[in-house]
Amino acid sequence: RAKDEGGGEHFGYLPSLHADAEERRKLELSLRNAIGNRELELNFQPVVNANSEDVVSFEALLRWNSSEHGFVSPAKFIPLAEDTRLIVPIGEWVLHEACVEATRWPEHIRVAVNVSGEQLLEPGFSGKIVKALAMSGLPAHRLEVEVTESVFLRDGRTANQTLNEIMALGCSVALDDFGTGYSSLGYLRNLRFSTIKVDRSFVQGAAADNPESLAIIRAVVAMAQSLEMSTTAEGVEDAEQAKLIRDLGCTKIQGYYFGRPMAAKEARSLLARRVRAA
Ligand code: C2E
Ligand code: MG
Ligand code: MG
Ligand code: MG
C-alpha cells in the first residue's frame with residue numbers, strides 16, 4: 001500500500017517520529033542560547049482581590065520569541081527546558097528579572113514566580129532566592145514562589161525542606177494547578193502554603209454548569225479556609241465566572257477577564273492608572 005501512495009510514505013509513521021526528534025533537537029539548541037541572545041522575556045498577569053478587585057500581585061510568565069522558530073508556546077518549551085535541565089539557568093534568570101521588575105511597583109504589590117521541580121530539588125536552591133532578593137533589593141515578603149503538586153511526588157522530603165527554608169526567609173509559597181496532580185493531601189499538613197491556586201479546568205467546568213467542578217471548588221475553599229490559606233481561582237474569563245468564583249468564596253482571581261499576561265511596561269502603567277484612580 002505504501003508503495004502506491006508513493007512519495008515520503010514508505011516508512012509509515014517513522015518519518016514523522018524522526019521529524020519530531022529532529023525538531024526537538026533544533027529547539028533545544030536554540031533554547032540553549034535564548035538567554036544570551038536576549039530572546040526571553042517576562043510577561044506579567046494581574047491577580048486581583050475577589051471582592052475589591054484591587055490588584056494584589058502579578059504572576060511572572062516566561063515568553064520565548066526565538067529568532068529561528070518565532071514565538072514558541074510555554075506549553076512546548078517549558079517541558080523541553082525541564083527535560084534538558086535548561087530550566088535551572090533559565091529559572092535563575094526568571095527569578096532575578098521578576099524581582100528586579102517588582103522593585104518598580106508599589107510596595108504592596110507582590111510578584112509570583114513559577115519554580116519547576118528540577119529547580120526546587122537542586123541543592124542550594126533557597127540560596128538562589130537569597131541572591132535574587134539581595135541583588136534586586138526586593139523584600140522577601142513581596143516574593144511568592146509557585147510550585148505544583150508533582151514536586152512532592154518526586155522527592156517530598158527535599159521539597160519540604162527547601163520550601164521551609166524559603167518560607168523562613170519570609171517568602172510565601174503557593175500551590176499551583178491544584179487538583180490536577182496525583183498526590184495525597186499529606187503535604188498540606190506539613191507546609192504552610194499561603195495560597196492554593198485552583199486549576200482553571202475546575203473554574204471553567206463550574207462555569208459550564210458542571211456540578212462536580214462546583215463541588216470541588218467549594219471543598220477546596222473550605223479546606224483552605226480551615227488551614228488558614230487563601231485561594232486563587234485561575235482562568236476566569238468573563239464577568240459571570242468572576243461572580244461565580246466570588247460567591248464560592250475564593251480570595252483572589254486571576255484570568256483574562258481582569259488582565260492577560262502583559263509586557264512589564266504595560267503592567268507598570270496598569271498599576272499607575274489603578275493607583276491614581278484609587
Ligand atoms: P501556570 O503557572 O498555571 O500559569 C497560568 C497559565 O494560565 C498561563 O499560561 C496563563 O497565560 C494562562 N491563563 C491565565 N489566565 C487565563 C484565562 O483566563 N484563560 C486561559 N485559557 N488561560 C489563562 P502560560 O503563560 O502559557 O504558561 C503555561 C505554564 O508554563 C504555566 O502555568 C507554568 O506552569 C509554566 N511557566 C510559565 N512561565 C514559567 C517560568 O518562568 N518558569 C517555570 N518553571 N514555568 C513557567
Ligand atoms: Mg503559576
Ligand atoms: Mg497555574
Ligand atoms: Mg496551570
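Which protein donors hold the magnesium ion (ligand 3)? In this predicted model, they are Asp176 (OD), Asp177 (OD) and Glu234 (OE), and they lie 1.9 to 2.2 Å from the ion.

Aspartate 177 comes out at 25%, so it counts as partly exposed.

The magnesium ion (ligand 2) has Glu59 (OE), Asn114 (OD1), Glu146 (OE) and Asp176 (OD) as its protein donors, at 2.0 to 2.2 Å. Their spacing along the chain reads E-x54-N-x31-E-x29-D. Glutamate 59 sits in strand β2 (residues 55–66) and asparagine 114 in strand β4 (residues 110–114), so this pair ties together parts that are 55 residues apart in sequence.

## Helix α9 and its two partners

Now for some helices. Helix α9 (residues 200–207) and helix α10 (residues 211–226) have axes that come within 7 Å and cross at roughly 125°. The crossing of α9 past α10 is left-handed. On the α9 side, the residues in contact are Ser201, Phe202, Val203, Gly205 and Ala206, and on the α10 side they are Ser213, Leu214, Ile216 and Ile217. Sorted by class, the contact of α9 with α10 has six nonpolar residues, three polar ones and no charged ones.

Helix α9 also meets helix α11 (residues 239–247): their axes come within 10 Å and cross at roughly 105°. Angles from 65 to 115 degrees count as roughly perpendicular, so that is the label for α9 and α11. Here Val203, Gln204, Ala206 and Ala207 of α9 make the contact with Gln241, Leu244 and Ile245 of α11. By class, the contact of α9 with α11 has five nonpolar, two polar and no charged residues.

## A closer look at isoleucine 217

Is isoleucine 217 buried or exposed? It counts as buried, since its relative accessibility is 0%. This residue belongs to helix α10, and it is one of the α10 residues that meet α9.

Leaving aside residues up to four places away in sequence, isoleucine 217 touches Val198, Phe202, Val203, Ala206, Ile245, Leu248 and Cys250. Among these, Phe202, Val203 and Ala206 are also on the α9 side of the contact between α9 and α10, and Ile245 is one of the α11 residues that meet α9. For a sense of distance, the C-alpha atoms of isoleucine 217 and methionine 167 are separated by 26 Å, and the two residues are 50 residues apart along the chain.

## Helices α6 and α7

How do α6 and α7 line up? The axes of α6 and helix α7 (residues 150–169) come within 9 Å and cross at roughly 25°. Angles under 35 degrees count as roughly parallel, so α6 and α7 get that description. Their crossing is right-handed.

Phe125, Ser126, Ile129 and Val130 of α6 make the contact with Thr162, Glu165, Ile166 and Leu169 of α7. The residues of the contact of α6 with α7 divide into five nonpolar, two polar and one charged.

## Glycine 137, out in a loop

Where is glycine 137? You'll find it in the loop between α6 (125–136) and β5 (143–148). Its relative accessible area is 52%, so glycine 137 is exposed, the cut-off being over 50%.

The C-alpha atom of glycine 137 is 9.7 Å from that of alanine 102, with 35 residues separating the pair along the chain.

Conventions:
Residues numbered from 1 in each chain as written. Chains lettered and ligands numbered in written order. Predicted model: local features only at pLDDT ≥ 70, side-chain atom pairs only at ≥ 80, totals over all residues. Heavy atoms only, no water. Helix = DSSP H or I, 4+ residues; strand = E, 2+ residues; numbered from the N terminus. Buried < 20%, exposed > 50% of the residue type's maximum accessible area, 1.4 Å probe, protein only. Axes fitted to C-alpha atoms, helices over the stretch in contact; angles between N-to-C directions. Left-handed = near helix turned anticlockwise from the far one by under 90°. Contact = heavy atoms within 4.5 Å. Nonpolar A, V, L, I, M, F, W, Y, C, P; charged D, E, K, R; others polar. Donors = N, O, S within 2.8 Å, 3.2 Å for Na, K, Ca; no water. Parallel < 35°, antiparallel > 145°, perpendicular 65-115°, else oblique.
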